[in-house]
Amino acid sequence: MAAVIETDDRVSSVHIDGLAMLKIVKHCQESLPQMVTGSLLGLQVDGGVLEVTHAFPFPEPRENKSDLVVKTGDEANVDDEAAALDGHEFQLEMMKMLREVNVDNNCVGWYQSMYLGSYSTSSLLETQLSYQSELSPNAVVVLYDPMQTSHGNLMLKCYRLTEEAVSIKKSGKNVYLDPKGIFEDIPVTLTNPGLVKALLSDMDDGRRAAIEGDTAFDRLDLSTNPYLEKHLSFLSSWVDDLAAEQHKFQYYTRSLTRGGDRRDKRRARPDPKDLAEGWASADAPKRMESLLISNQIRTYCDQVDKFAGAGFSKLFLAGGLHKEGKASS
């Protein structure tokens, strides 16, 4: 990546162009069940708005990169051509080509597909930290869930690391942080040029006369049950992971306590300075992993609450229509 782009204004909202969003959707949908990533291009405008005008996918990693290049007589260049398909070189080459055709070539972040809201992982944390540290503090990550979107529920999230999380990761301190304070949710708005809006308006006016008076009950479909089951299953597995992390903390705390007792048997409790030094050592379990798990559990709980609330609303509405139909008959 290039040098860090220092900005005075902090981004408060993200505007994604419709064409860029379609490219993200197409890449994530066609790559299922594999989770994929890509680059976001755009620029920051006044008012704390980050405009995303273009997106392109990163090459999929493969074990044998020689299959990706065209074999020529000069076999010595095969390795060089394959190395050019790595993520960083591919991104730089794409940005050069886009600059030649007068397309915004400023990297403002990256996107990644997710499966049923699973995103709070250490790999995403490290990647986003590198973008905010090496590119710009306003670099963002856009998360798109193709599974939930395919059933009529657009799942599009935009996050960036908070300043507190960035400072803790840079310092390397093994300290506690509120799981809600790791990622910062940034509102996303989908935008379209004026000509596209005019075209959509004309298409809508032409269809409205044909579908006027037609009533559809597809919105009352209680198809959230499979999603609730999967979310509860994932929630249980993440809770097990959190319990395993807690066992690590308890075991390490007991080892520190026993060590303090051996050093000074006269003290009923170990010295707080010894405990602080013990948690600062490289052998101590990292708290960030358990914090990420807690953040993911909170996300699953919010999604379960959302699906359950929508399901109850549909049940009450369907029950009212059913009673009204019986009364009228």
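Student: What share of the 329 residues of the chain counts as buried?

Tutor: In this predicted model, 35% of the 329 residues count as buried.

Student: Let's turn to the aromatic rings. How many aromatic pairs are there?

Tutor: The count comes to seven aromatic pairs. One of them is formed by Trp-110 and Tyr-131, and this pair is stacked.

Student: What makes the pair of Trp-110 and Tyr-131 stacked?

Tutor: Take the distance, then the angle. The ring centres of Trp-110 and Tyr-131 are 6.0 Å apart, and rings pair if their centres lie within 6.5 Å.

Student: Where in the chain do Trp-110 and Tyr-131 sit?

Tutor: Trp-110 is in strand 4 (residues 107-113) and Tyr-131 in helix 4 (residues 122-134), so to speak 21 residues apart. Both Trp-110 and Tyr-131 are buried.

Student: Why is the pair of Tyr-115 and Phe-234 called edge-to-face?

Tutor: The ring centres of Tyr-115 and Phe-234 lie 5.8 Å apart, with the planes at 65°. Because planes over 60 degrees apart count as edge-to-face, that is the name of this pair. Tyr-115 lies in the loop between strand 4 and helix 4, while Phe-234 belongs to helix 8 (residues 225-263), 119 residues away. Together with Tyr-300, Tyr-115 and Phe-234 form one aromatic cluster.

Student: How do you know whether Tyr-115 and Phe-234 are exposed, partly exposed or buried?

Tutor: Tyr-115 has a relative accessible area of 30%, and Phe-234 has 23%. Buried needs under 20% and exposed over 50%, with partly exposed in between. Therefore Tyr-115 is partly exposed, and Phe-234 is partly exposed too.

Student: On to helix 6. Why do we say that its buried residues line one face?

Tutor: In helix 6 (residues 163-171), Ala-165, Val-166 and Ile-168 are buried. Seen down the helix axis, the buried residues fall within an arc of 165°, so they line one face of helix 6.

Student: Which exposed residues does the face turned away from the buried side of helix 6 carry?

Tutor: That face carries the exposed residues Glu-163 and Lys-170.

How values were computed. Residues numbered from 1 in each chain as written. Predicted model: local features only at pLDDT ≥ 70, side-chain atom pairs only at ≥ 80, totals over all residues. Heavy atoms only, no water. Buried < 20%, exposed > 50% of the residue type's maximum accessible area, 1.4 Å probe, protein only. Phe/Tyr/Trp six-rings, centres within 6.5 Å; stacked < 30°, edge-to-face > 60°. Helix = DSSP H or I, 4+ residues; strand = E, 2+ residues; numbered from the N terminus. Arc of directions from axis to C-beta.
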